[in-house]
Amino acid sequence: NNTAVIFATILTENQKASALEALKNDKKEDEKVKLLLLLVSSSQEEILIEDELTYRKRLYELLKNTTTFKKLHYANLHAIGKIHFDAGDYDRSNRVFKELHDTLPLSEVKSRQLALQYLAKLSEKTGKSSEQERYLAKYVISTGKTSEFYNSSGGFEQLLLLTEKNKTHQHHYYFENWYDIALNNGSEKDQQRVLTQWVNFTTEDKANFSEKPFEAYIEYLTTLNQLEGLREILLLYAQSVNSDKKRVSLYEEIRSLDERLQKDTDLGILTHLYNSYSREGQNDKKQEILLILSSRQDYRDRSTALSELAALSLKNEDWLLSFNTHQELFKGIKEVESNKQRILLDNLISLSQRLSKEDSLIHYLKVKALSQSPLIKDGDKHKALILLLDQFEANREYQTALQFYSVFVEEGIKNTDYPEYYQIHFRAALIAEKSGDFDLTIELLNRSFEHAVRVLGHQERFIKIAQRILLLTEAHQPGEAEFAV
């Protein structure tokens with residue numbers, strides 16, 4: 001009864017014999033397939049593994065070249081491979097699953113994944129760890145794209161152990177794929193977990209280093225605005241990277257981040273940036289760092305930083321910064337004791353003039369004019385005095401000018417034989433004249449004349465001074481001579 005044969009679940013021996021006999025006849029392909037499927041189904045129900053394998057192998061021969069029953073052919077091959085696997089016949093099972101994997105089109109995603117899973121297991125069973133890693137990698141990465149994150153995590157952890165064992169150096173490839181899966185299918189905690197493991201691996205040994213985990217972690221933390229964590233990763237990245245150019249770039253990011261966090265940047269970072277900018281001739285950036293270092297009380301070379309900042313800002317024509325820095329360096333100095341201090345004082349005078357800081361200019365000119373330091377020569381004091389008198393005169397502060405002249409005579413140039421002293425008296429006389437004090441003007445001109453007479457080589461000068469005295473005397477007291485000619 002053919003109907004009975006077709007629809008029976010467990011076939012009797014007669015039905016099996018009848019079905020096998022029918023297969024010998026010249027039947028259509030689809031009829032033979034149905035008969036073999038009945039025999040396979042009956043063997044499965046009776047748990048007759050050898051019979052099932054026999055019928056499946058006949059089905060394989062029937063279907064391997066067909067185009068009509070492709071899906072059935074793939075399912076049958078999978079079942080044959082599983083029977084061999086369960087029986088411990090790993091070599092046969094391996095051959096079957098390899099054939100299945102190579103035969104399956106790319107569109108049969110699930111079937112390909114199952115084939116890869118078995119091939120990985122078979123490689124493990126037979127001690128072929130390199131093959132195991134290759135198949136497992138394809139399986140885990142493929143399934144991870146469509147499954148829950150936790151379903152693939154164990155596979156990636158196993159792959160990391162295998163690449164270590166096999167020395168295939170695929171750690172970063174596996175971490176990168178694992179993180180991509182975490183991004184698509186995992187939570188933020190899952191992403192951070194993978195990134196942390198990845199960064200830990202890359203910092204364990206210089207040979208492990210890669211920029212990828214750091215760049216991924218930076219993007220992750222930036223997106224979440226986790227600034228403290230971002231700073232830690234940037235610092236670890238900078239400490240691990242081989243390129244100093246990259247390290248400088250990272251330190252710059254840390255410094256920028258510190259400004260946002262309102263915290264002091266580590267001195268080690270600042271000094272590294274300073275040294276780099278110095279080498280590269282990046283004076284503007286170097287000046288920024290010096291400005292920070294010079295303001296840090298915990299920086300042991302603060303005075304050196306201040307000195308460099310003063311010179312560099314002067315070179316960069318940042319006049320106000322240079323002036324402030326020079327002031328800081330000169331603070332507390334009562335007397336010039338070194339050439340460095342002398343240069344500071346001269347620069348402060350020059351910067352005060354450039355910035356029109358009149359009070360500062362007057363202060364520093366007084367310091368210089370009244371200095372008793374052997375490093376400041378009489379000629380330099382003289383010039384400082386003249387600049388001061390010019391400033392007072394321009395402001396019509398004649399009495400202030402004359403008072404300071406008197407102080408200068410007492411405390412400034414102590415050497416009364418200074419060759420140009422007559423000029424100092426003469427300049428004061430001109431101011432006295434402008435103030436309207438005729439008697440004082442004559443007195444100062446006389447002092448200038450007496451000094452010019454006393455110092456050789458100034459005959460022309462004292463004649464001019466004498467003529468000035470005569471003119472003034474004639475103008476204010478006609479007919480009276482100020483001195484015998």
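What does the secondary structure of the protein chain come to, in helices and strands? The count is 25 helices and 0 strands. Keep in mind that this is a predicted model.

Let me start with confidence. The protein chain has an average pLDDT of 89, and 93% of the residues reach at least 70. Residues 1–8 fall below 50, and in the model this stretch makes 11 contacts beyond near neighbours in sequence. At the other end of the numbering, residues 478–485 also stay under 50. For that stretch the model has 10 contacts beyond four places in sequence. Where pLDDT is low, the predicted coordinates should not be read in detail.

Now the overall shape. The C-alpha trace of the protein chain spans about 170 × 35 × 35 Å along its principal axes. Its radius of gyration is 49 Å, whereas a compact globule of 485 residues would come out near 23 Å. Of the 485 residues, 43% are buried. The chain exposes about 26600 Å², and carbon and sulfur atoms supply 48% of that area. As for contacts, take those between residues at least 6 apart in sequence: 51% of them join residues at least 24 apart.

Ser 42 is in helix α3, which covers residues 29–46. Its relative accessibility is 0%, so Ser 42 counts as buried. Leaving out residues up to four places away in sequence, Ser 42 touches Thr 9, Ile 10, Leu 11 and Lys 16. Thr 12 is 30 residues from Ser 42 along the chain, and their C-alpha atoms are separated by 9.0 Å.

Gln 132 belongs to helix α8, residues 129–144. Buried or exposed? Gln 132 has 7% relative accessibility and therefore counts as buried. With residues up to four places away again set aside, Gln 132 touches Ala 120, Ser 123, Glu 124, Gln 158 and Leu 162.

Leu 402 sits in helix α22, residues 398–411. Leu 402 is buried because its relative accessible area, 8%, is under the 20% cut-off. Beyond four places in sequence, the residues it touches are Ala 428, Ile 431, Ala 432, Ser 435, Leu 440 and Leu 444. Leu 389 is 13 residues from Leu 402 in sequence, and 8.2 Å from it in space, C-alpha to C-alpha.

On to the aromatic residues. With ring centres within 6.5 Å as the rule for a pair, the count comes to 14 aromatic pairs. Phe 214 and Tyr 237 make a stacked one, at 4.6 Å centre to centre and with 5° between the planes. Why does this pair tie together parts that are 23 residues apart in sequence? Phe 214 lies in helix α12, residues 212–224, and Tyr 237 lies in helix α13, residues 227–240, so the pair links the two. Both Phe 214 and Tyr 237 are buried.

There is also an aromatic cluster, formed by Phe 156, Phe 175, Trp 178, Trp 198 and Phe 201.

Last, charges over rings. Lys 121 has its charged end over the ring of Tyr 118, 5.4 Å from the ring centre. Arg 134 lies over the face of Tyr 135, at 4.9 Å from the centre of that ring.

To recap: the chain has 25 helices and 0 strands, its C-alpha trace spans about 170 × 35 × 35 Å, and pLDDT is below 50 over residues 1–8 and under 50 over residues 478–485.

Note on methods:
Residues numbered from 1 in each chain as written. Predicted model: local features only at pLDDT ≥ 70, side-chain atom pairs only at ≥ 80, totals over all residues. Heavy atoms only, no water. Phe/Tyr/Trp six-rings, centres within 6.5 Å; stacked < 30°, edge-to-face > 60°. Helix = DSSP H or I, 4+ residues; strand = E, 2+ residues; numbered from the N terminus. Buried < 20%, exposed > 50% of the residue type's maximum accessible area, 1.4 Å probe, protein only. Lys NZ or Arg CZ within 6 Å of the ring centre and 35° of its normal. Contact = heavy atoms within 4.5 Å. pLDDT = per-residue confidence, 0-100. Rg over C-alpha atoms; globule rule 2.2 N^0.38 Å. Areas by Shrake-Rupley, 256 points an atom, 1.4 Å probe, with all protein chains shown as cover.
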